[in-house]
Amino acid sequence: MKARRTLLAGLALSALTPGAAQGQPIASFDYLAYEAVDSDRRQTDKSYSNPVIPGFHPDPSLVRVGEDFYAVTSTFSWFPGLPVLHSTDLVNWRQIGNAINRPSQVDFGGLGTNRGLFAPAITFHDGLFWIVNTCIECGNNFVITAKDPAGPWSDPKWLDFGGIDPSLYFADDGTAWIVYNDAPPGEPLYEGHRAIWMQQFDPEAMQVMPERTLLVNGGVDLSTEPVWAEGPHIYRVDGWYYLLTAEGGTADQHSQTIYRSRELQGPYEPGPFNPILTQRDLPADRQDRVEATGHADIVKLDDGSWWGLFLATRPFAGQSTLLGRETFLLPLEWIDGWPRFLDRGQPVPIKTGRPNLPPAEPVDYDSWREDFISPLGPEWIGLRTPGYIQDIMVGNGSLHMISGPNAAGGLERPAFVGRRVRHHSADFTSRVDFQPTGDSDFAGLLALMDEAHFLATGIEGERLVIRLRTDPSQDEQGEIVAEQPLTREGPVEFKLALRAGEARVFWRTAGEDSWQRLGEAIDVEPLASVHAGLFTGLVVGPYAYSKP
């Protein structure tokens with residue numbers, strides 16, 4: 001044991017890590033495993049299950065390039081950011097990279113978890129992939145490009161316009177345009193009064209032109225005071241320009257709306273059936289309840305059918321979910337020249353018929369195990385942009401983590417890396433080898449929604465603890481809700497068992513077969529995204545902290 005710890009300290013010092021040089025203890029995690037409980041995500045050659053990208057994947061945008069489809073989603077202050085996913089059947093999506101994966105691209109330092117990268121939009125033109133995006137409190141709007149969607153993506157070119165949710169449209173005449181959400185002309189008439197604007201974009205200069213055009217003021221019917229018109233996309237279909245936008249905010253009143261015009265710059269008229277997607281008018285006691293539907297993007301297949309990705313939630317109670325906003329797939333029906341996802345009062349189906357595309361190999365979200373043999377895959381994320389300090393090393397069957405001075409409840413980058421929770425009921429297990437040098441030294445598992453909503457369990461000093469934080473007024477480490485002395489030496493295994501709004505923690509020392517419970521069941525409904533800004537979902541993984 002002591003010889004191994006000396007070796008790890010030597011590895012850390014060889015990486016010129018200031019934290020290790022100052023004697024901060026190192027935690028070694030041998031594995032991290034995930035197992036869904038009672039999952040029912042079966043698919044056949046004719047059907048599939050929603051969501052197609054489960055767990056914290058909001059604001060989807062997609063593009064078709066030949067027989068391939070690519071999607072991106074929001075990540076806010078998580079790094080690496082903007083996951084790029086690939087599919088050939090619209091049902092099975094595999095992450096192939098992250099568009100923001102270098103600290104030099106964007107700096108999230110000091111930002112809250114719910115800030116950062118909002119609502120990316122991806123497109124393809126003339127051999128090049130394009131993503132336009134908004135970085136809240138870290139530079140406003142930007143564009144990046146790549147020849148290969150797996151990367152590398154360019155450094156951002158910052159754009160000279162305000163607002164959020166930009167998307168890029170390349171017109172048939174060779175011009176390019178950005179549509180986006182911004183404040184309405186004049187003074188807003190009410191809270192949430194927004195507008196959809198269009199501005200020409202110069203792909204050579206990588207900048208917008210100064211004049212802009214108003215496309216939508218407020219929403220479908222300004223007299224009803226619609227809120228948060230956002231997430232716009234433009235499509236050219238049968239001589240019409242269609243404008244697809246979200247409306248109603250990203251909570252339970254979320255919806256998708258449609259407009260069209262004969263001219264690219266309008267005027268745009270709303271469709272006779274709006275919204276074309278919502279669940280806000282359905283009974284709360286329905287089975288397999290899906291909520292907050294909206295922020296869609298659509299594509300056409302060779303058979304003439306249209307399909308769209310959109311965000312939605314699966315609450316376990318009320319509007320509460322630990323999974324955040326997820327990505328769903330549905331077909332559109334065209335009626336009298338207007339697209340529609342669902343009829344009024346029709347629930348989002350959990351299981352439905354799949355697109356007319358050759359089925360791809362299913363993606364297994366139900367079970368995985370990381371043994372830290374090779375570098376971490378693109379699914380692993382941490383909070384905020386890493387600096388020059390290297391606090392995580394992977395190899396030889398372990399993840400070695402220097403216990404950092406930044407607690408999970410602060411606004412700096414904690415020593416933490418994790419993966420998204422994909423199911424309401426699932427178990428995370430890991431084994432940690434840790435020799436604290438002080439009573440406040442901690443290493444274990446962190447389940448984080450944002451800096452004010454998380455649960456951490458592990459070794460702290462000479463005891464086992466569970467810490468919970470549900471309010472920013474609490475200690476940045478969280479409040480202790482369970483503890484017991486640790487009287488045995490050697491590595492300790494932890495199991496975090498999530499069951500919708502309840503969590504249990506179990507532990508055992510290396511070599512033991514049976515689990516022991518740490519504390520009682522914990523109410524984790526207060527960690528739900530509805531209490532934490534709505535934007536993110538729970539991320540779980542190794543975490544180490546030493547109070548400075």
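This is a predicted model: local features need pLDDT of at least 70, side-chain atom pairs count only at pLDDT 80 or more; totals for chains, interfaces and linings use all residues.
The structure holds 24 salt bridges. In one of them, R64 pairs with D302, with the closest N and O atoms 2.9 Å apart. This pair links distant parts of the chain, 238 residues apart: R64 belongs to strand β3 (residues 61–65), whereas D302 lies in the loop between β21 (291–300) and β22 (306–313). R64 is partly exposed, at 24% relative accessibility, and D302 is exposed, because its relative accessible area of 63% is over the 50% cut-off.

A salt bridge also joins the side chains of R102 and D155, with an N to O distance of 2.8 Å. R102 counts as partly exposed, at 25% relative accessibility. D155 is likewise partly exposed, with a relative accessible area of 39%.

In the salt bridge of R488 with E512, the closest N and O atoms are 2.1 Å apart. These residues are 24 residues apart and again link distant parts of the chain, R488 being in the loop between β36 (479–485) and β37 (492–499) and E512 in the loop between β38 (502–509) and β39 (516–523). R488 has a relative accessible area of 36% and is partly exposed; E512 is partly exposed at 26%. Beyond these pairs, a network of salt bridges links D30, R431, E493 and R508. In general, side chains of opposite charge can pair when their charged atoms come close.

Strand β6 (residues 81–87) is mostly covered, with 6 of its 7 residues buried. Strand β4 (residues 68–72) runs antiparallel to β6, and 4 bridges join the two. Within this pairing, F69 has S87 of β6 as its bridge partner. Strand β6 is also joined to β7, by 5 bridges, and these two strands run antiparallel as well. L85 has its bridge partner in β7, namely Q95. The hairpin of β6 and β7 has 6 residues between the strands, and in this hairpin L90 takes a positive phi near 70°.

The structure holds 1 disulfide. The disulfide is formed by C135 and C138, whose sulfur atoms are 1.7 Å apart. The link of C135 and C138 is left-handed, with -75° about the S-S bond. Both cysteines fall under the 20% cut-off for burial: C135 counts as buried at 1% relative accessibility, and C138 counts as buried at 13%.

The largest nonpolar core has 45 residues, of which F428 and L496 touch the most other members. When neighbours within four places in sequence are left aside, the residues in contact with F428 are L32, A33, Y34, W368, R419, V421, L445, F494, K495, L496 and V540. Another core, of 38 residues, lies apart from the largest one, and its members include Y48, A71, V237 and W338. In soluble globular proteins, nonpolar side chains tend to be buried together.

R467 counts as buried because its relative accessibility of 11% is under 20%. The side chains of R467 and E460 are joined by a polar contact of 2.9 Å. Not counting residues up to four places away in sequence, R467 touches F454, L455, A456, E460, Q477, G478, E479 and I480.

Terms used:
Residues are numbered from 1 along each chain as its sequence is written. Side-chain values use heavy atoms; hydrogens and water are left out. A salt bridge is a side-chain nitrogen of Lys or Arg within 4 Å of a carboxyl oxygen of Asp or Glu. Buried means under 20% relative accessible area, exposed over 50%, partly exposed in between (1.4 Å probe, protein chains only). Two strands pair if DSSP finds at least two bridges between them. A disulfide is a pair of cysteine sulfur atoms within 2.5 Å. A nonpolar core is a set of buried Ala, Val, Leu, Ile, Met, Phe, Trp, Tyr and Cys residues joined through side-chain atoms within 4.5 Å. Contact means heavy atoms within 4.5 Å. A polar contact is a pair of N or O atoms within 3.5 Å; within protein, one must be able to donate a hydrogen and the other to accept it, and residues adjacent in sequence count only if both atoms are side-chain atoms.
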